[in-house]
Amino acid sequence: MNEPDAELAARPPLAERLRRRIRRAEAGAITFREWMEAALYDAQEGYYCRRDRTRWGRAGDYRTSAETTPLFAATFARYFAALYEELGSPREWSIVEAGAGGGDFAFVVLETLCRYYPKAFGALRYFIDEASEDGRERARRRLASFKPLAERVEFRRLSEMSVEPHPRIIFSNELLDALPVHLVTMREGKLVELCVGLDDAGAFVWVEREPSTPRLEAHFAEAGVTLSVGQLAEVNLEAEEWMRRAASVLKSGYLVTVDYGAEAGELYGAPHRREGTLRAFREHRLSENVLDRPGEQDLTTTVNWTQLRRAGERAGLRTVLLERQDEFLLRAGLLEQLELLTRDAASEADVVRLRLGAREMILPGGMSGSFQVLVQKRA
């Protein structure tokens, strides 16, 4: 064990470190945003950074479209190739995938471009922005299995990038729903923030405090939304900042954001969302307590498309479309890409899997119906 690993191993468990942090806090509590950030992204025990946990697929806690079928990434590769042509087929362009996980999406996109769109592939650099070292290692191993793909890839955080003269596409899939959020409610006509404190036994509990930032009240004022008494709601300021950062490194190109969300009016006004959208998952089941076992369960919220669209537009981007994922995939050529992949499939079993994946992506009731795609452009 090297010195950094030994130092990490000697640290107290995440739950205990959070308790110490709460006890040191002036208000006897920390914001849920701080708590959620540690629970998901602590370098040692954060849910997305742990090396001892399977997060994706049947053995994990959730699955994304990219893990469900390669047709998802292959269709986006087709769409990216079309955007490359719209951008004038430049001699150099790049794709930045934020929140790339273990590299499944990147592998299929690069493989598809290499096989079916060689001109676009030949001009491409692919950047992977992944917060966890575990995810980066998985992606490196995945891409190293096919050398022509690995040679096109560079690992770099979006926060470390600057504007470059060539066009760029920045893509994220189910990233913004996992960013830490503030949790608020309305008491006697006044907005209060739900924070995390401790009871006498040292268990994590909710406590109410004054809003930690005036941006929380400003968020609802801008949206023209007034919460009802006792209504819970999340405010994802981090997602708004992420959109601003992404737009800041686009001289020309597209920002493509895939997630599950709703417009502000529906997000805060629908009766079934009176308790908010914050939820925790473990082994594909909803957890009853989001404060239980920090670092051991996934935490997620429904994104606010009104907020994100406006954030991009304030940063100088033009909104091209916001539509349901299944409709987007059909327009982007999923059926045509399915025909290509089934034609070149190695076995009949692969053909069957591709067709089943296509059904999941486009038929009513499939997982794609719950997701949306936002595309914004910098001219």
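This briefing describes the overall build of one protein model and then some of its residues.

The model is predicted, so local features are reported at pLDDT of at least 70 and side-chain atom pairs at pLDDT 80 or more, while totals for chains, interfaces and linings use all residues. Residues are numbered from 1 along each chain as its sequence is written, and side-chain values use heavy atoms, with hydrogens and water left out.

**Overall build**

- The protein has 16 helices and 17 strands, where helices (H or I, at least four residues) and strands (E, at least two) are DSSP runs numbered from the N terminus.
- Its radius of gyration, taken over C-alpha atoms, is 21 Å, close to the 21 Å that the globule rule gives for 379 residues, so the protein is as compact as a globular protein of that length; the rule itself is 2.2 Å times the number of residues to the power 0.38.
- Along its principal axes, the C-alpha trace spans about 65 × 55 × 40 Å.
- Of the contacts in the protein with a separation of 6 or more, 75% are made by residues 24 or more positions apart, a contact being heavy atoms within 4.5 Å.

**Surface and charge**

- Of the 379 residues, 54% count as buried, a word that stands for under 20% relative accessible area, with exposed meaning over 50% and partly exposed the range in between (1.4 Å probe, protein chains only).
- The protein exposes about 17300 Å², of which carbon and sulfur atoms supply 48%; these areas come from the Shrake-Rupley method with a 1.4 Å probe, and for residues only the protein chains shown count as cover.
- There are 54 positive and 60 negative side chains, and the centres of the two sets lie 3 Å apart; Lys and Arg count as positive and Asp and Glu as negative, whereas His and the chain ends are not counted, and each charge is placed at NZ of Lys, CZ of Arg, CG of Asp or CD of Glu.

**Aromatic rings**

- The structure holds 19 aromatic pairs, in which rings of Phe, Tyr and Trp (its six-membered ring) have centres within 6.5 Å, and planes under 30 degrees apart count as stacked, over 60 as edge-to-face and the rest as tilted.
- The rings of Phe32 and Trp35 are stacked, because their centres lie 6.0 Å apart and their planes stand at 20°; both residues belong to helix α3 (residues 32-41), three residues apart, or about one turn of the helix, and both are buried.
- Tyr79 and Phe80 form a tilted pair, with 6.4 Å from centre to centre and 50° between the planes, and these two residues are buried as well.
- One aromatic cluster is formed by Phe72, Phe76, Tyr79, Phe80, Phe105, Phe171 and Phe328.

**Packing of helix α15**

- In helix α15 (residues 334-343), the buried residues are Leu334, Gln337, Leu338, Leu340, Leu341 and Thr342.
- The buried residues of α15 pack against α5 (70-86), α6 (104-116), α14 (325-331) and α16 (348-362).

**Residues in loops**

- Thr277, in the loop between α12 (264-269) and β12 (279-282), counts as buried at 6% relative accessibility, and apart from its neighbours within four places in sequence it is in contact with Glu234, Leu267, Thr300, Thr301 and Thr302.
- Ser89, in the loop between α5 and β2 (93-98), has a positive phi of about 50° although it is not a glycine, and Ser89 is partly exposed with a relative accessible area of 24%.
- Glu174, in the loop between β5 (168-173) and β6 (182-187), is not a glycine either, yet has a positive phi of about 55°, and Glu174 is buried with a relative accessible area of 17%.
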